[in-house]
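Hi,

Here is the structure I promised to pass on.

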Amino acid sequence: QVQLRESGPGLVKPSQTLSLTCTVSGVSITTGQYYWTWIRQPPGKGLEWIGSIPYAGNTHYSPSLESRTSIVRDTSKNHFTLRLSSVTPEDTGIYYCARDVRGLAEYDYWGQGTQVTVSS
C-alpha cells in the first residue's frame, strides 16, 4: 500500500528556509511514471501547486515560487524534500505531498498534510 508522510518543523521564522520531507512507502520514487509533488493550502484559500520531482529526477516548479523553491530526493531513503527560502507569513499554510500519476494533476495518493506557520 502506498503511503506518504510529511515531516518537518511547524514553525519557521520570517526570512528563514522552510524544509519539509515526504517519506514514501509501498513504492519506489524512481519507478513508474509518477511525479512526486508538493502542494500547499494557505488559510482560507485553495490548493496551490508548488512543484514536483518526477521519477526521472528532473524538477518542475511553480513560476511564482521558482526563485525560492528547491525539491531534492534521496533515493536511498525513498523520500523527497521541499526547501522554500526567504519565507514570509504568506507562506503559512498546510503543506501536502502527493503522487501525480502522469504529471497531469491527477493525484492518487496524498500525505495527511502538515501545518507550517511563518512567524517571529
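This is a predicted model: local features need pLDDT of at least 70, side-chain atom pairs count only at pLDDT 80 or more; totals for chains, interfaces and linings use all residues.

Residues are numbered from 1 along each chain as its sequence is written, and side-chain values use heavy atoms, with hydrogens and water left out.

**Strands**

Strands here are DSSP runs of E with at least two residues, numbered from the N terminus (helices would be H or I, at least four residues). Two of them pair if DSSP finds at least two bridges between them.

Strand β4 covers residues 35–41, and β5 covers residues 48–54. These two run antiparallel and are joined by 6 bridges. They form a hairpin with 6 residues between them, and Gly44 in the turn has a positive phi of about 75°. β4 also has β9 as an antiparallel partner, with 7 bridges joining them. One of the facing pairs there is Thr37 with Ala98 in β9.

How much of β4 is buried? 5 of its 7 residues are, so the strand is mostly covered. "Buried" means under 20% relative accessible area, "exposed" means over 50%, and "partly exposed" is in between (1.4 Å probe, protein chains only).

Strand β9 (residues 93–100) is also joined to β11, by 3 bridges, and those two run antiparallel. In that pairing Ile94 stands opposite Gln115. β2 (residues 11–12) runs parallel to β11, with 2 bridges between them, and the bridge partner of Leu11 in β11 is Thr117.

β11 itself (residues 114–118) has an alternating pattern.

**The disulfide**

With a disulfide taken as a pair of cysteine sulfur atoms within 2.5 Å, the count comes to 1. Which cysteines does the disulfide join? They are Cys22 and Cys97, with 2.1 Å from S to S. The link spans distant parts of the chain: Cys22 is in strand β3 (residues 18–25) and Cys97 is in β9, 75 residues apart. The torsion about the S-S bond is about 65°, so this disulfide is right-handed. Cys22 is buried, at 0% relative accessible area, and Cys97 is buried at 0% too.

**Salt bridges**

Side chains of opposite charge can pair when their charged atoms come close. The cut-off for a salt bridge is a side-chain nitrogen of Lys or Arg within 4 Å of a carboxyl oxygen of Asp or Glu. Searching the whole structure finds 5 of them.

Arg40 lies in β4 and Asp91 in the loop between β8 and β9, so the pair ties together parts that are 51 residues apart in sequence.

Is Arg40 buried or exposed? At 6% relative accessibility, Arg40 counts as buried. Asp91 is buried as well, at 2%, whereas Glu48 is partly exposed, at 24%.

Asp91 touches Arg40, Arg68, Leu84, Ser86 and Val118, leaving aside residues up to four places away in sequence (a contact is heavy atoms within 4.5 Å).

Elsewhere, Arg102 forms a salt bridge with Glu106, with the closest N and O atoms 3.2 Å apart. Both ends count as partly exposed: Arg102 at 48% and Glu106 at 33%. Back at Arg40, salt bridges that share partners join Arg40, Glu48, Arg68 and Asp91 into one network.

**Aromatic rings**

Rings of Phe, Tyr and Trp (its six-membered ring) pair if their centres lie within 6.5 Å; planes under 30 degrees apart count as stacked, over 60 as edge-to-face and the rest as tilted. By that rule there are 6 aromatic pairs. Tyr34, Trp36, Trp38 and Phe80 form one aromatic cluster.

Arg99 lies over the face of Tyr34, at 3.7 Å from the ring centre. For that, CZ of Arg (or NZ of Lys) has to be within 6 Å of the ring centre and within 35 degrees of the ring normal.

Cheers
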